[in-house]
Amino acid sequence: MNAVFLDARTLGNDVDLSPIEAVTGPLTRYDQTRPDQVLERIRGFDTVLVNKVVLTRSHFEACPELKRIAVVATGVNNIDMAAAGELGIQVMNVTHYGRSTVAQHTMALILALATRLLDYDRDVRAGRWASSDSFCLMHHPILELEGRTLGIIGYGDLGQGVAERARAFGMNILLGARPGQPPGEVEGYPRLPLEALLPRVDVLSLHCLLTDDTRNLMGARELAMMKKDALLINTSRGGLVDEQALADALRAGNLGGAGVDVLTEEPPRNGNPLLAADIPNLIVTPHSAWASREARQRIVDITARNLAAGA
């Protein structure tokens, strides 16, 4: 193979790319690639590795030698899949690499919100505990997870990992049916239409891909169906949630809290409704749920296996 990696820095500098090079041979690497640099950098290569770089029909048509694209991530929304299929270009992606780390991050968000961890930490640092007339502070309501109901939309590898960990906290599990997905039962868990699921859950965690059907899956209407003290967690894709509607619901006290690891624009150079300073019980992390070193190395190892199988 003659291979180029257009945005190797997205995996960090502490991963070992030698498993890929064992398959491809010497790998041309760029830390990052601007849209205007893509075409010149992929010319002459039969294999292109990308994480977030966008590849379009015009790139493919200008590079007839291109045979395969390895996306070192799960989502392939940055690839013109229809054009790749028409032109006989193989596209491979990576799944089943982040179960442990994404589930861990999801539970961290749930626990921090349920216990009001950040609020109490800020209060202590602001001197409110030191000036209290009681031995403790308890003015932020704490949600005990045992016996509560967790709703999961997207019961793939990541959703299953979250369910396993939530059960250890004594939570009950319900699944939500995505648009076009039939209700029923999956591995012993009821899968309900959203209209039936949302009023019942104390925590809702999203783990589905962003598609035309799931875009703004949680809008103002859906958020209004949830309990006023319920928590919403999104470690999947930013476009699944109407961010302005979520900010409004939190400000109005119509939702108990939210934890998001993803936004519609990443990085959010043009601002975002969820970055306002006045939104209560909201945690925003920088798309880092997937980023343990172990998970990033698994991405490399799986990509190498994909390339070997597709060669």
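**Close-up 1. Asp-119 and Arg-116 meet in a salt bridge, with 2.7 Å from N to O.** A salt bridge here is a side-chain nitrogen of Lys or Arg within 4 Å of a carboxyl oxygen of Asp or Glu. Asp-119 counts as buried, at 11% relative accessibility, and Arg-116 is buried too, at 13%. (Buried is under 20% relative accessible area, exposed is over 50%, and partly exposed is in between, using a 1.4 Å probe and protein chains only.) Search the whole structure and you get 19 salt bridges. Bear in mind that this is a predicted model: local features need pLDDT of at least 70, side-chain atom pairs count only at pLDDT 80 or more, and totals for chains, interfaces and linings use all residues. Residues are numbered from 1 along each chain as its sequence is written, and side-chain values use heavy atoms, with hydrogens and water left out.

**Close-up 2. Arg-221 forms a salt bridge with Glu-195.** The closest N and O atoms are 3.5 Å apart. Arg-221 belongs to helix α9 (residues 220-225) and Glu-195 to helix α8 (residues 194-197), so this pair ties together parts that are 26 residues apart in sequence. Helices (H or I, at least four residues) and strands (E, at least two) are DSSP runs, numbered from the N terminus. Glu-195 is partly exposed, at 46% relative accessible area.

**Close-up 3. Arg-251 reaches Asp-278 through a salt bridge.** Here the closest N and O atoms are 2.9 Å apart. Arg-251 lies in helix α10 (residues 243-251), while Asp-278 sits in the loop between β12 (257-260) and β13 (282-284), so the pair ties together parts 27 residues apart in sequence. Arg-251 counts as partly exposed, with 37% relative accessibility. Elsewhere, salt bridges that share partners join Arg-99, Asp-157, Glu-164 and Arg-165 into one network.

**Close-up 4. Tyr-155 and Tyr-189 make an edge-to-face pair, because their ring planes stand at 85°.** The count comes to one aromatic pair, and this is the one, with ring centres 5.8 Å apart. Rings of Phe, Tyr and Trp (its six-membered ring) pair if their centres lie within 6.5 Å; planes under 30 degrees apart are stacked, over 60 edge-to-face, and the rest tilted. The pair links distant parts of the chain, 34 residues apart: Tyr-155 is in the loop between β6 (149-153) and α7 (157-168), and Tyr-189 is in strand β9 (residues 189-192). Both Tyr-155 and Tyr-189 are buried.

**Close-up 5. The charged end of Arg-41 sits over the ring of Tyr-30.** Its distance from the ring centre is 3.9 Å. To qualify, NZ of Lys or CZ of Arg must be within 6 Å of the ring centre and within 35 degrees of the ring normal.

**Close-up 6. Eight strands form an open sheet with mixed pairing.** The order runs β8-β9-β7-β6-β10-β11-β12-β13. β8 (184-186) and β13 stand at the edges with a single partner strand each, so one side of each has no neighbour in the sheet. At one end, β12 and β13 pair in the parallel sense over three bridges, where two strands pair if DSSP finds at least two bridges between them. Gly-259 has Ile-283, in β13, as its bridge partner.

**Close-up 7. Cys-63 is buried, at 1% relative accessible area.** Cys-136 counts as partly exposed, at 23%.
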